Amino acid sequence: MRLRELVLDRFRNYAALHLTFDAPVTLFVGRNAQGKTNLLEAMHALAFAKSHRTARDRELVQWGREVATVKGRVERDGGRSVRLEVRLAPKGKTVKVNGVEKRRLSEYVGHLNAVLFAPEDLNLVKGAPQHRRRFLDMAIGQVSPAYLHDLSAYLKTVAQRNQLLKMARTAGRPLDELLSVYDEQLAALAAKLLRKRLEFVGKLEGWARTIHAAVTQGAETLSLRYVSTVAMDAADGAMQAMEERVHEELVRLRPHERERGVTLVGPHRDDLAFFVNGYSVQTFGSQGQQRTVALSLKLAEIEFIREAVGEAPILLLDDVLSELDAGRQLHLLSVIQDRVQTFVTTTGVEGVDHALVRHAARYRVEQGQ
Ligand code: ATP
Ligand code: MG
């Protein structure tokens with residue numbers, strides 16, 4: 001798929017902007033604080049109806065203004081065009097597909113698939129588990145509306161169950177019957193999420209390993225492990241078995257959970273671990289190794305989307321060229337070729353001598369223009 005048009009109105013430091021894109025690679029070049037990342041953020045918002053760097057939509061609206069909009073036109077393989085719109089207002093956010101408002105996010109996400117790679121993605125490897133859960137949820141969610149739907153139902157149920165656990169603690173009442181109802185709902189939803197996550201991690205590992213081996217010229221073998229709060233063995237792949245395992249754990253931990261007032265088992269507590277040649281990258285990896293693992297994961301995500309959707313996503317690279325050595329830059333650019341429409345921000349392209357960069361469309365970004 002290709003993003004053909006981007007229209008911003010009062011978004012961050014852009015009062016108004018209308019860009020059209022024809023080239024496979026587009027470079028946004030400019031000094032610091034001019035609005036380069038803001039452009040990728042707008043594309044991210046168009047794809048996911050939210051920013052990649054803040055949960056507060058308000059921050060995206062230009063200072064002193066009330067409403068911001070991001071509009072875009074996506075051309076899917078085969079030529080079909082899809083118009084997308086995200087409008088951020090004090091009363092909330094509205095999203096439209098071809099002019100029709102969508103009430104659920106799961107009906108909006110997926111029309112534009114995007115993979116973003118930015119310096120802060122190092123957190124994917126060395127940051128807190130929530131960064132890795134977010135990666136899993138966004139990657140699966142953008143190809144599976146059902147996953148997004150189940151995830152939001154699951155998180156709501158966890159929040160309600162936590163309230164109940166806290167009530168049980170302060171009121172000194174057991175509330176066992178009500179908790180049992182929640183346990184069943186939670187176990188059913190958790191099993192659905194777990195199944196999709198395990199399937200995703202399995203696929204991702206295959207691609208990430210191949211990419212990682214190529215980037216490190218065969219010196220490193222990458223492996224991934226889904227680390228669950230629910231003990232599972234290979235036989236638990238079946239839905240029913242997984243649901244039962246989650247349920248058993250909830251029952252087993254209930255006294256403990258009641259003491260703490262939080263739900264301790266389930267996908268909202270799980271994590272992902274990375275190993276290079278058998279060693280934990282989180283614990284032992286060098287900065288460069290951690291960065292390479294993060295890059296391999298993102299490039300693998302492109303392949304996952306390509307297989308699931310049948311089309312490649314767009315790729316947003318924020319400031320990463322400067323962070324990678326020449327060999328890794330070349331590998332990254334060769335993966336892109338012209339198979340994936342790519343938007344790259346950089347403060348300068350000196351030292352990047354590659355046909356893709358030489359032939360890219362180039363914009364100079366200065367003070368929101
Ligand atoms: P760097 O190279 O340092 O990463 P950049 O070009 O990527 O810089 P951006 O993060 O895109 O910079 O833009 C930052 C600019 O946008 C800053 O000047 C900031 O003050 C401005 N800015 C951020 N939010 C808003 C907003 N809501 N309204 C107006 N301007 C904003
Ligand atoms: Mg930036």
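Me: Is A49 buried, partly exposed or exposed?

Reply: A49 counts as partly exposed, because 19 other C-beta atoms lie within 10 Å and a buried residue needs 20 or more. Keep in mind that this is a predicted model.

Me: Where does A49 sit in the chain?

Reply: A49 is in the loop between α1 and β4 (68–75).

Me: And what about the phi of A49?

Reply: The phi of A49 is positive, about 60°, although A49 is not a glycine. Most residues other than glycine have a negative phi.

Me: R12 is also on my list. What is its phi, and where is it?

Reply: R12 has a positive phi of about 50° and is not a glycine. Its place is the loop between β1 (2–11) and β2 (14–20).

Me: Is R12 buried or exposed?

Reply: R12 is buried, because 21 other C-beta atoms lie within 10 Å of its own.

Me: Switching to the ligand. What surrounds ligand 1?

Reply: The shell around ligand 1 has 17 residues, and the closest are N13, N32, K36, T37 and N38. By type, the shell divides into 10 polar, four charged and three nonpolar residues.

Me: Which helix gives the most to that shell?

Reply: Helix α1 (residues 36–48), with three residues.

Me: OK, the core. Which residues touch the most other members of the largest nonpolar core?

Reply: A42, M43, L46, A190 and L316, out of 92 residues in that core. Helix α6 (residues 176–215) gives the most to this core, with 12 residues. The core draws at least three residues from each of domain 1 and domain 2. In soluble globular proteins, nonpolar side chains tend to be buried together.

Me: What is A42 in contact with, sequence neighbours aside?

Reply: Leaving out neighbours within four places in sequence, A42 is in contact with L6, L8, F11 and V70.

Me: You mentioned domains. How is the chain divided?

Reply: Domain 1 covers 1–113 + 314–369, and domain 2 covers 120–310. Their centres, taken over C-alpha atoms, are separated by 28 Å. The contact takes 13 residues from domain 1 and 15 residues from domain 2.

Me: Which helices supply the domain 1 side of that contact?

Reply: α2 (105–108) and α10 each supply at least two residues of the side of domain 1 that touches domain 2. The largest share of that side, four residues, comes from α10. The residues of that side of domain 1 divide into six nonpolar, four polar and three charged.

Me: Let's look at α10 itself, then. Which of its residues are buried?

Reply: In α10 (residues 326–336), L332, L333 and I336 are buried. They are on the same side of α10, because they cover an arc of only 95° around the axis. On the other side of α10, G327 and S334 are exposed.

Me: What do the buried residues of α10 pack against?

Reply: They pack against α9 (287–309), β12 (314–318), β13 (342–346) and α11 (355–358).

Me: Last one. What follows α10?

Reply: Q337 follows α10, and the phi of Q337 is positive, near 40°.

How values were computed:
Residues numbered from 1 in each chain as written. Chains lettered and ligands numbered in written order. Predicted model: local features only at pLDDT ≥ 70, side-chain atom pairs only at ≥ 80, totals over all residues. Buried ≥ 20, exposed ≤ 12 C-beta atoms within 10 Å, placed from the backbone. Arc of directions from axis to C-beta. Contact = placed C-beta atoms within 7 Å. Domains from an automatic or database assignment. Nonpolar A, V, L, I, M, F, W, Y, C, P; charged D, E, K, R; others polar. Near = placed C-beta within 6 Å. Core = buried A, V, L, I, M, F, W, Y, C linked by C-beta atoms within 7 Å.
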